[in-house]
Amino acid sequence: MRRLILMATACAAFVTPAFLVGPSLRAQAPANAFEVASVRPNKTGDGRVMVGMQPGGRFNATNVPLRLLLRQAFNVQDFQIAGGPDWIVSDRFDVVAKAPDGVEFTADTMRPMLRSLLAERFKLAFHNETRDMPIYALMKARTDGKLGAGLTPATIDCAALGRGRRGGGPPPAPPQPGQKMECGMMIGPGKLNAGGMPMSNLATALAPQVGRIVLDKTELTGNYDFELTYAPEALGSGGGPPLLNGGPVPVDPNAPNLFTALQEQLGLKLDSQRGPVDVVVIDRIEQPAAD
């Protein structure tokens with residue numbers, strides 16, 4: 001079922017549901033290329049970062065660090081990218097590209113096109129490795145298995161609802177403040193609201209928040225509704241306080257951190273472990289030539 005995931009992260013908005021639940025970087029589609037593409041440096045100093053896929057096979061990225069483009073191209077998190085000079089974080093770029101006519105433009109078909117663009121314009125060369133790294137296991141926090149009030153079995157059959165909507169029904173609307181998400185997931189700074197989602201999707205959504213791969217070891221089957229509120233923290237390559245649309249994110253001084261919120265609100269915990277993690281290692285990358 002095609003699920004709705006609305007993302008309003010602290011640093012970027014990427015309009016595609018497959019970013020969170022896409023395939024492994026080792027399960028890639030054959031290489032393709034954008035029909036036309038423009039890459040230009042962005043010197044505005046604007047704090048806003050936008051990345052999106054649009055109708056007509058268009059890919060737009062505004063004021064993005066190259067590291068973010070690498071994340072999208074390989075469907076990985078910051079901690080899964082190794083090597084590269086400092087400017088892949090500090091320098092910003094605008095990218096406008098269009099897929100060939102007749103190509104079904106999805107996240108899965110976009111990624112090889114973006115990798116091809118990075119190889120052509122930034123002279124990217126890379127290899128894949130599997131490294132033993134710290135990870136988190138998402139587990140039940142209580143020995144009796146009792147869950148928190150914010151985590152309940154789904155009350156709507158989202159698969160059946162999706163089949164009905166494919167017949168012409170409208171997509172679900174984003175929830176209003178205080179309202180549960182019907183089918184899908186909405187993520188914002190310090191907030192996570194989901195309906196009809198498996199625990200594996202929660203584990204995947206937590207990974208960029210904690211800077212590690214998160215594996216679902218809750219042993220909870222089926223789909224769940226869950227709502228999580230916590231104090232956001234700055235993670236990843238940018239450092240500094242979390243930003244939203246170029247400004248600081250308002251933080252409730254009484255909100256718990258993510259680890260405490262998981263236990264108190266969902267009855268889950270993140271257990272620190274070690275395990276194999278797929279990593280993209282940058283062998284060579286260069287500043288692009290001006291368009």
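## A buried aspartate

Buried here means under 20% relative accessible area. Asp225 has a relative accessible area of 7%, so it counts as buried. Keep in mind that this is a predicted model. Asp225 sits in strand E13, which covers residues 224-229.

What lies 2.9 Å from a polar atom of the Asp225 side chain? That spot is taken by the backbone nitrogen of Gly196.

## The chain as a whole

Seven helices and 16 strands make up the secondary structure of the chain. Of its 291 residues, 42% are buried. The accessible surface is about 14,500 Å², and carbon and sulfur atoms account for 52% of that.

How far along the sequence do the contacts reach? Take the contacts between residues at least 6 apart in sequence: 79% of them join residues at least 24 apart.

The mean pLDDT of the chain is 81, and 76% of the residues score at least 70. Among the elements, strand E8 (residues 125-140) has the highest mean, at 97, while helix H1 (residues 18-21) has the lowest, at 33.

Two stretches call for some care. Residues 1-31 stay under 50 in pLDDT, though the model gives them 94 contacts beyond four places in sequence. Residues 234-246 are also below 50, and this stretch has 31 contacts in the model beyond near neighbours in sequence. Where pLDDT is low, the predicted coordinates are not for detailed reading.

In soluble globular proteins, nonpolar side chains tend to be buried together. In this chain, the largest nonpolar core has 34 residues. Phe34, Phe59, Leu66 and Leu70 are the ones with the most contacts inside it. Several elements supply at least two residues each to this core: strands E4 (50-54), E5 (58-65), E7 (92-98) and E16 (268-284), along with helices H2 (66-74), H3 (87-90) and H4 (107-121).

There is also a second, separate core, this one with 27 residues. Leu202, Ala207, Leu220 and Leu268 are among them.

## Aromatic pairs

How many aromatic pairs turn up in a search of the whole structure? The search finds six. One of these brings together Phe34 and Phe105, edge-to-face, at 6.4 Å centre to centre with 65° between the planes. The two are 71 residues apart and link distant parts of the chain: Phe34 is in the loop between H1 and strand E3 (36-41), and Phe105 is in the loop between E7 and H4. Are these two buried or exposed? Phe34 counts as buried because its relative accessibility is 11%, and Phe105 is buried too, at 16%.

Phe74 and Phe126 make another pair. Their ring centres are 4.7 Å apart and their planes are at 75°, so this pair is edge-to-face. Here, too, distant parts of the chain are linked: Phe74 belongs to helix H2 and Phe126 to strand E8, 52 residues apart. Phe74 is buried, with a relative accessible area of 3%, whereas Phe126 is partly exposed at 35%.

Back to Phe34: ring pairs link Phe34, Phe59 and Phe105 into a cluster.

Technical notes. Residues numbered from 1 in each chain as written. Predicted model: local features only at pLDDT ≥ 70, side-chain atom pairs only at ≥ 80, totals over all residues. Heavy atoms only, no water. Helix = DSSP H or I, 4+ residues; strand = E, 2+ residues; numbered from the N terminus. Buried < 20%, exposed > 50% of the residue type's maximum accessible area, 1.4 Å probe, protein only. Polar contact = N/O pair within 3.5 Å; in protein donor to acceptor, adjacent residues only side chain to side chain. Core = buried A, V, L, I, M, F, W, Y, C linked by side-chain atoms within 4.5 Å. Contact = heavy atoms within 4.5 Å. Areas by Shrake-Rupley, 256 points an atom, 1.4 Å probe, with all protein chains shown as cover. pLDDT = per-residue confidence, 0-100. Phe/Tyr/Trp six-rings, centres within 6.5 Å; stacked < 30°, edge-to-face > 60°.
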